[in-house]
Amino acid sequence: MESVKPILEFKKTCVSYTKQTMAVKYVSAAIERNTITAIMGPSGCGKSTLLRAVNLMHSLYPNIRVDGEILLNGENILSMEPIDVRRRVGMVFQRPTPFPTMSIYDNVLSGFALNGIHLSKSKKDEIVESNLKNVALWNEVKDVLNKKGTFLSGGQQQRLCIARALAMNPDIMLMDEPTSALDPIATKHIEELLLELQKKVTILVVTHNMGQAKRISSRSMFMYLGELIEYGDTETMFSNPEHERTKAYLIGKIG
Amino acid sequence: MANQKIKHRLAKDKLMLWTICIFATLTAVPLFAILGEVLLRGYDQLSWSFFTEPTPTAYKAMKAIEAGERIPGGIANGIVGTMIILSMAVVVAVPVGILCGTFLAENSKRRFAKVISYLTDLVQGIPSVIIGIITYIWVVVPMKGYSAIAGSVALCIMMLPLIIRSTEETLKILPASLKEAGLALGGNKARVMLKIQLPAAFGGIFTGVLLAISRVIGETAPLMFTALGCSFIRWSINKPISAVPLLIWEFFNDPHLQELIWGASLFLLIFVLTLNLSAKYLAKKWNQ
Amino acid sequence: MNDKLYRTILFIAALTIPIVCGGVVYALITDAYDAFEHFGFFRFLTSSEWSYTEGAEQYGALPFITGTLLTTLLALLFCIPFSLPVAFFVGEYFKGSRVASILSTVTDLLAGIPSIIYGLWGFYTLRPIIIALNISPQGSGILTASLVLAIMIVPYAASLSAEFIKMVPNDLKESAYSLGATRAEVVRKVIFPVAGSGIFSSYILAIGRALGETMTVTMLIGNTNNIPTSITSTGNSMASIIANQFGEADGLRLSSLIAIGLILFLITAVINMIGKMMIKRARIT
């Protein structure tokens, strides 16, 4: 079978906060297109750190070093301008953060405003409508687009944040525990949404919820103390993990 | 025996409570005393002509007193002067102050920013009369004369630290997730600050500006050797100009114009207290 | 708007502060130089002459330095019995209640009253009372000025102290209560020691504020250039002599006034810096 070029590839990626301690140690993995890959592991295993390296969030903090390579469509993002990388990589955080001073309409388009991209009114309307439809929020807010997003429920706010990231047409979406601040029903809606979205965009999701990983991801990574212990098909990993550590995590012995 | 001791301690406790309550309430008294006095002495001076006419000459005032009439004239020259000086000061202090506060918030770890922060505190503590002297030396002397410009430079220097601090503090309180979400969308630091952070900080910044204005609007000393004062309404900015606090000082020093003190003071006091209360109210509202 | 332009603009805005500071120090030093050179630095500080007869001008700063220090110290003394109770009222006894927030607002409004109005009130209301009570014949003087100054600095001392009192952790207080202490005892033995350095630093800052106060003192201190001998004597402070004479001064007298300004600037700067440093340390612990 011909190998489709992976959309994202980690090559011996290391992230360190100080000279002595590495939070992420020599992670190598290739992420396939249009999949949902879950990154799991106990707290402090480096999963969020690894995720945030992909859109160069660490460049905000001068004491963080990233070594090795992270290839996005073959290009090493570590030698690219952060702004360029972030236009191609979308991120959704744990807590929904609609911009409080902007309306729902403007929130969806905020990526463009922040990048200094001007659009015609008709193009703007089109982007807002299609992305809100993509996150199944359109019907709920189409009459209140001019209101600020803060009155929406947690789940709706998170969907707004996903729409906002999607509007930039990223190659890959990074999600850092996107449902851990939401109630179970909102979580269910987001999970269904992600399953739909993977047809359009590749998703990398950090989660501490094993059930979620099982429900939505086709591939899974298990990390422990900064190392990538196991990476494979979710099904296989859950039913027949190769490594002792993975097994211990999955049955609740660690983490 | 033990019972006695406990009673004793409980009595001391009650005494402490009452002392604190009494003295705390007493501190509220001066506010109402001052307010009341200025109100009582000044309310019947307030009239349309009081706000629209300039100050009378000592001669006119003397004649009116002799004739047993109310002194003609008012404080219009002071009101116009204050407005002019204040607007010029605000136009410079607000943008510079916000930009400087943003600098301090964005670079809080760097040594240079710490030095600037330290110096901002220093400027904030400079006595107002010294700022008057400095502005005299740097503006009045080179310009060879007193002017509204000099007055506004002095007030601007006094407003700067307050605006800088409130901008810096409001920005620092914003959740980091806001900035990160903006950056994650690909915005550069400038755009994230201009479109996300500063708008979110607007409430705190605006309150800070209101408070800075209320602080300088009643200042007399810095204007004494810069704007100097003027007995008629003047619209030009490079000549001596009046201001409400300066007028009050003039009235205080002139035996014939004593009556006018209270109307002017009432006006000033109401203005300042309204600004203060509005700032407090807005701060509370925006913090919800 | 790219990042480089953004950073440059911010940097330039930040430069205004050091420029202002530099301007202040430079102007004060160069223009005070004449007086210091003519009279000698220490002689100027310790002389109490102030005469402007042509050809035999003699100026010295001592009366004004004493005037400033006396009024400030007295103001501090008078303000403590009021600002401490307010601080404990708002920060502990009625913390969080409606009454406390009203008192807070009232105290803040006191801080907002312009100093010239304090001066007017002191002159037209307080002075007659002092004369009537036979405390002093002319009513103005160190005492009157200090009383009004005390009222002016109460808000600064009270609101900052209240902040430190509120910061005392609840578990500390609860442990003391659980051992059977009364409220007064908790205040004395737990809150005061823990918030103590913060409270102290707030008074340092209040002193800084009082040192530089101009209009009120000018209107109430009596405007005589002698070293005060009792709290009812009249005198002048550094700020008030400048306010009174700067307008018509020139030559050596002007330089002497600016020299006094320099001394005032230095004293205020040092006190404020000490206060701010102590506050920073008290906030961290």
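Predicted model: local features only at pLDDT ≥ 70, side-chain atom pairs only at ≥ 80, totals over all residues.
Residues are numbered from 1 along each chain as its sequence is written, and chains are lettered from A and ligands numbered from 1 in the order in which they are written. Local features need pLDDT of at least 70 and side-chain atom pairs count only at pLDDT 80 or more, whereas totals for chains, interfaces and linings use all residues.

Helices (H or I, at least four residues) and strands (E, at least two) are DSSP runs, numbered from the N terminus.

Towards chain A, 17 residues of chain B are in contact with 21 residues of chain A. Helix H8 (176-184) and H9 of chain B each supply at least two residues of the chain B side, and H8(B) gives the most, with seven residues. This side has nine nonpolar, five polar and three charged residues.

Within chain B, the domain assignment gives domain 1 (1-45) and domain 2 (76-286); such bounds come from an automatic or database assignment. The C-alpha centres of the two domains of chain B lie 35 Å apart. Six residues of domain 1 of chain B are in contact with six residues of domain 2 of chain B. On the domain 1 side, three of the touching residues are nonpolar, two polar and one charged.

A nonpolar core is a set of buried Ala, Val, Leu, Ile, Met, Phe, Trp, Tyr and Cys residues joined through C-beta atoms within 7 Å, a residue being buried if 20 or more other C-beta atoms lie within 10 Å of its own. The largest such core has 260 residues, of which Met159(B) and Ile153(C) touch the most other members. Helix H6 (residues 142-166) of chain C gives the most to this core, with 17 residues. Domain 1 and domain 2 of chain B each contribute at least three residues to the core. Leaving aside its neighbours within four places in sequence, Met159(B) is in contact with Ala89(B), Ala93(B), Gly97(B), Ala212(B) and Val216(B).

Note on methods: Contact = placed C-beta atoms within 7 Å. Nonpolar A, V, L, I, M, F, W, Y, C, P; charged D, E, K, R; others polar. Buried ≥ 20, exposed ≤ 12 C-beta atoms within 10 Å, placed from the backbone.
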